[in-house]
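The report starts with the surroundings of the ligand and then turns to a group of strands.

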Amino acid sequence: MFTKILIANRGEIACRVAATARRMGIKTVAVYSEADANAKHVAVCDEAVLIGPAAAKESYLCGDKIIAVAKATGAQAIHPGYGFLSENAEFADACAAAGLVFIGPPASAMRAMGSKSAAKQLMEKANVPLVPGYHGEQQDADFLHAQADKIGYPVLLKASAGGGGKGMRVIENSAQFKDALASCKREAISSFGDDKVLAEKYLQRPRHIEIQVFADTLGNCIYLFERDCSVQRRHQKVLEEAPAPDMPAERRAAMGEAAVAAARAVGYVGAGTVEFIANQDGSFYFMEMNTRLQVEHPVTEMITGTDLVEWQLRVAAGEPLPKQQHELAIKGHAIEARIYAENPEKGFLPSIGTLRHLGTPGAVSFELGGDVVAPAAVRIDSGVREGDAISPFYDPMIAKLIVWGADRKQALARMAQALAQYQIVGLATNIAFLKRLVEGQAFSAADLDTGLIERNHDSLFPAAQPAPATALALAAAALLAGESRTVAAPAAAHAADPWSHTTGWRMNQSYARKLAFADEHTAYDTFVTYRAEDWLFSASSAAPQALSLATHNGNDYSIKLGDQATHGTVLRDGDVFHVFANGAHYQLAWNDPMAHAGETESEGGRLTAPMPGKVVSVLASKGQEVKKGEPLVIMEAMKMEHTIAAPHDGVIDDILYGVGDQVADGAPLLAFKTA
Ligand code: ADP
């Protein structure tokens with residue numbers, strides 16, 4: 001076995017590989033880009049070497065630099081993870097030439113499977129079932145058009161060198177063919193540098209079912225059952241599960257054997273995935289083989305009690321597969337959800353920013369290893385920690401949340417619960433969307449096909465609901481408790497002095513106060529009346545109810561509103577109160593009437609955006625002298641305007657944004673020199 005390996009990747013997969021290496025007593029070398037200097041994968045490896053700037057093509061895709069680092073640090077093997085260099089046959093060759101073991105299949109197998117059309121020709125010979133279509137060499141437009149007509153519409157055009165759903169076009173009828181071919185070729189050339197395409201029958205309501213295969217250098221090749229990855233958006237996986245619901249044992253065996261035949265046909269070694277597309281009636285066809293470890297490998301690990309990275313390392317070191325086919329069995333059910341920094345309501349636009357708060361579901365104790373006793377209920381594979389940033393340079397995945405249950409129903413319930421416990425502040429995420437998806441009728445009933453999300457669009461993207469009174473009350477209670485802390489602390493010595501209390505006590509009358517909150521869609525006026533022991537609280541025009549703070553521990557609050565006891569986590573980020581309660585996340589911006597220059601956040605003479613938003617007005621200019629409190633920039637965020645004012649007398653050094661610019665949370669808006 002190796003004593004030291006280099007991990008040529010970043011993020012969760014680099015951390016995942018490092019965890020197994022550590023357990024096996026293998027030292028790890030991380031490589032990182034300038035953007036990743038403080039990344040988790042750098043921290044979890046034994047050594048780390050900087051390989052270049054943020055752009056992947058100048059760092060994580062530089063095979064020669066990575067090989068040089070492996071040589072210099074004495075690593076014997078390179079684990080490529082997934083993405084980046086993992087399916088790059090030239091890199092595998094270069095490793096071999098440098099005397100390093102590439103932890104993956106032989107370059108020849110990668111080449112054979114690298115082109116979708118060449119792979120299909122090979123599979124045809126190996127008697128692996130294929131979707132009816134044309135995957136030959138002829139690329140003449142008229143010839144392809146005739147082939148499409150022969151296949152019968154709808155037809156799917158795919159970039160032969162494609163991946164990640166890029167370069168695919170569905171053609172409904174013959175008239176659409178010409179334009180679709182041109183646009184498919186354009187995307188293929190720009191994404192993959194190769195405009196070769198293939199055409200095949202576009203299946204209606206298909207399922208994506210893939211088989212995990214594993215082969216060693218001694219001629220053993222087995223399958224570790226299937227994963228159902230039908231829940232996709234724009235051909236990208238969102239939820240993955242194992243085993244596939246409603247899979248009869250005979251079909252499982254038939255698909256497993258077809259996958260093993262596919263792997264054997266290319267002399268496969270290591271971990272691989274054979275992807276099939278299946279009709280609702282169960283008939284299945286080979287789509288492609290991914291010659292690496294997949295993002296969704298954990299669901300297979302959870303139902304088989306294996307550590308696939310350990311298997312990869314053993315096979316790469318020349319050892320036989322740890323288990324044979326008859327020693328494998330499926331235990332329970334596992335589901336993975338990909339948690340992304342993205343905004344589902346805005347077309348899944350990636351969101352960048354800092355994970356200012358990261359609260360994860362408890363009970364994470366998955367034991368990696370060959371002799372796993374029982375899988376833990378919840379496993380989180382992540383490459384980021386609280387305080388880390390999701391940058392525009394790489395995939396905006398935050399974590400993979402994987403749950404295990406004795407059966408699908410239990411796994412579903414655990415997934416819904418774990419998603420409800422996930423708390424992220426700092427950027428938009430797909431957590432609420434995933435929760436609706438998991439709890440929705442279609443996924444619960446395993447009514448699966450690749451169009452599930454589109455078909456259920458209305459229930460998955462419901463109109464925004466106003467925040468409930470309990471969420472507003474939690475925000476108000478946190479605000480009021482925070483105020484009494486800040487004022488009461490220095491006055492503790494005078495606890496008996498009524499003037500240093502902040503209960504709002506007034507002679508002759510109780511003190512009423514308006515707290516105006518707003519979220520992206522709605523403005524909420526709430527009213528608080530201070531009383532001796534509690535408050536009287538009303539949201540908008542609702543009748544006032546007694547509000548009291550029962551317990552309060554860090555950011556966790558238990559309140560009583562009228563007869564209703566509620567608890568939640570409330571995090572204050574500038575003037576935004578993030579309330580996590582009942583499995584939902586409410587972002588309530590407080591319009592603080594008392595906010596003035598003296599309280600404006602300024603760090604090291606810079607003035608930062610209190611929340612993500614748009615610059616609507618710039619009132620100062622470069623070089624201008626300003627007085628404390630003078631308004632400098634006006635931002636619009638969460639339906640409200642925020643004035644950024646001078647914290648002191650001083651001079652404007654620089655203005656960093658103009659009117660109309662979008663600014664990220666915490667971004668410096670201008671540079672300021674104190675007089
Ligand atoms: P990529 O390599 O770009 O991910 P794949 O060939 O793996 O492309 O296909 C990705 C997804 O596209 C599949 O999971 C499936 O949802 C859909 N798809 C592919 N081929 C077909 C087909 N013939 N009919 C219907 N959907 C298909």
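A residue counts as near a molecule when one of its heavy atoms lies within 4 Å of it. The model is a predicted one, in which local features need pLDDT of at least 70 and side-chain atom pairs count only at pLDDT 80 or more, while totals for chains, interfaces and linings use all residues. Residues are numbered from 1 along each chain as its sequence is written, and side-chain values use heavy atoms, leaving out hydrogens and water.

Around the ligand there are 21 residues, of which K116, G165, H208, Q232 and E288 come nearest.

| Residue | Protein atom | Ligand atom | Distance |
|---|---|---|---|
| K158 | polar side-chain atom | oxygen | 2.9 Å |
| L203 | backbone N or O atom | nitrogen | 2.9 Å |
| E288 | side-chain N or O atom | oxygen | 2.8 Å |

On its own the ligand has 550 Å² of accessible area (Shrake-Rupley method, 1.4 Å probe), and the protein covers 96% of that area.

At least three residues of the shell come from each of domain 2 (132-201) and domain 3 (207-457), with bounds taken from an automatic or database domain assignment.

Elsewhere, strands (DSSP runs of E, at least two residues) pair if DSSP finds at least two bridges between them. Strand β36 (residues 613-618) pairs in the antiparallel sense with β41 (residues 662-663) over 2 bridges, where G613 has V663 as its bridge partner. Strand β36 also runs antiparallel to β38 (residues 631-637), joined by 4 bridges, and there K614 is partnered by E636.

Notes. Polar contact = N/O pair within 3.5 Å; in protein donor to acceptor, adjacent residues only side chain to side chain.
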